[in-house]
Amino acid sequence: GNKEHPMKAAKRELAEETGIVASEWVSLGKTRIAGGIITERTTFILARDVSLERRPAADDSYVVGEGKFVAIDRIGAMIDRGEIDDCQSITGIYLAQRWLTRYVLGVATN
């Protein structure tokens, strides 16, 4: 089949499902969803300099329910408390924090 480019899909999905737009987009890489079980891969993309363009309509098919902006320094505690507990979210958070540490703070990561 003809697949949509991951960056284009990320921009469209973020706007459609949350009403959020971003002025900067960074590809963080791909990971296997479940190595040894399925071959599907996920591309992680960081949206930076975000703003709320519109509120999603109540009848949008995949509206994010209780979405909210959270300071990045609170995310570790949210993972510890089980408020964020899915592998894909935690992987994306890790990759984003690693990228921000390296390229925004200028701290080498190994």
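This is a predicted model: local features need pLDDT of at least 70, side-chain atom pairs count only at pLDDT 80 or more; totals for chains, interfaces and linings use all residues.
View 1. Let us begin with the overall layout. Along the sequence, the elements follow the pattern α-β-β-α-α. Helices (H or I, at least four residues) and strands (E, at least two) are DSSP runs, numbered from the N terminus. Of the 110 residues in the chain, 18% are buried; here buried means under 20% relative accessible area, exposed over 50%, and partly exposed in between, with a 1.4 Å probe and protein chains only. The accessible surface of the chain is about 8300 Å², and carbon and sulfur atoms account for 52% of that surface. Accessible areas come from the Shrake-Rupley method with a 1.4 Å probe, and for residues only the protein chains shown count as cover. Contact means heavy atoms within 4.5 Å. Among contacts between residues at least 6 apart in sequence, 50% join residues at least 24 apart.

**View 2. Helix H1 and its buried face.** H1 covers residues 6-18, which is 13 residues, and spans 17 Å from its first C-alpha to its last, close to the 18 Å expected at 1.5 Å a residue. That expected span is 1.5 Å times one less than the number of residues. Which residues of H1 are buried? Met7, Ala9 and Thr18 are. Seen down the axis of H1, the buried residues fall within an arc of 155 degrees, so they line one face of the helix; the arc is that of the directions from the helix axis to the C-beta atoms. These buried residues pack against strand S1 (20-32) and strand S2 (41-52). Just after H1, look for Gly19, which takes a positive phi of about 80 degrees.

**View 3. Met7 and its partners.** Met7 sits in helix H1. Leaving aside neighbours within four places in sequence, Met7 is in contact with Trp25, Val26, Ser27 and Ile45. Leu46 is 39 residues from Met7 in sequence, and their C-alpha atoms are 9.8 Å apart in space.

**View 4. Ile93 in helix H3.** Ile93 is buried, because its relative accessible area is 16%. Not counting residues up to four places away in sequence, Ile93 touches Ile75, Ile79 and Ile84.

**View 5. Salt bridges.** The structure holds five salt bridges, each one a side-chain nitrogen of Lys or Arg within 4 Å of a carboxyl oxygen of Asp or Glu. Back to the opening pair: Arg12 counts as partly exposed at 31% relative accessibility, and Glu4 is partly exposed at 34%. Arg48 and Glu24 form another salt bridge, at 3.3 Å, N to O. Arg48 lies in strand S2 and Glu24 in strand S1, so this pair ties together parts that are 24 residues apart in sequence. Arg48 has a relative accessible area of 24% and is partly exposed, as is Glu24 at 33%. The side chains of Arg81 and Glu83 also meet in a salt bridge, at 2.4 Å, N to O. Salt bridges that share partners join Glu4, Arg12, Glu13 and Glu16 into one network.

**View 6. A nonpolar patch on the surface.** Tyr103, Val104, Leu105 and Val107 form this patch, with about 410 Å² of accessible area together. Patches are made of residues with over 30% relative accessible area and no salt bridge, with like charges joined within 9 Å and nonpolar side chains (Val, Leu, Ile, Met, Phe, Trp, Tyr) within 5 Å. Tyr103 belongs to helix H3 (residues 87-103). Is Tyr103 buried or exposed? Tyr103 counts as exposed, because its relative accessibility is 52%.

Conventions. Residues are numbered from 1 along each chain as its sequence is written. Side-chain values use heavy atoms; hydrogens and water are left out.
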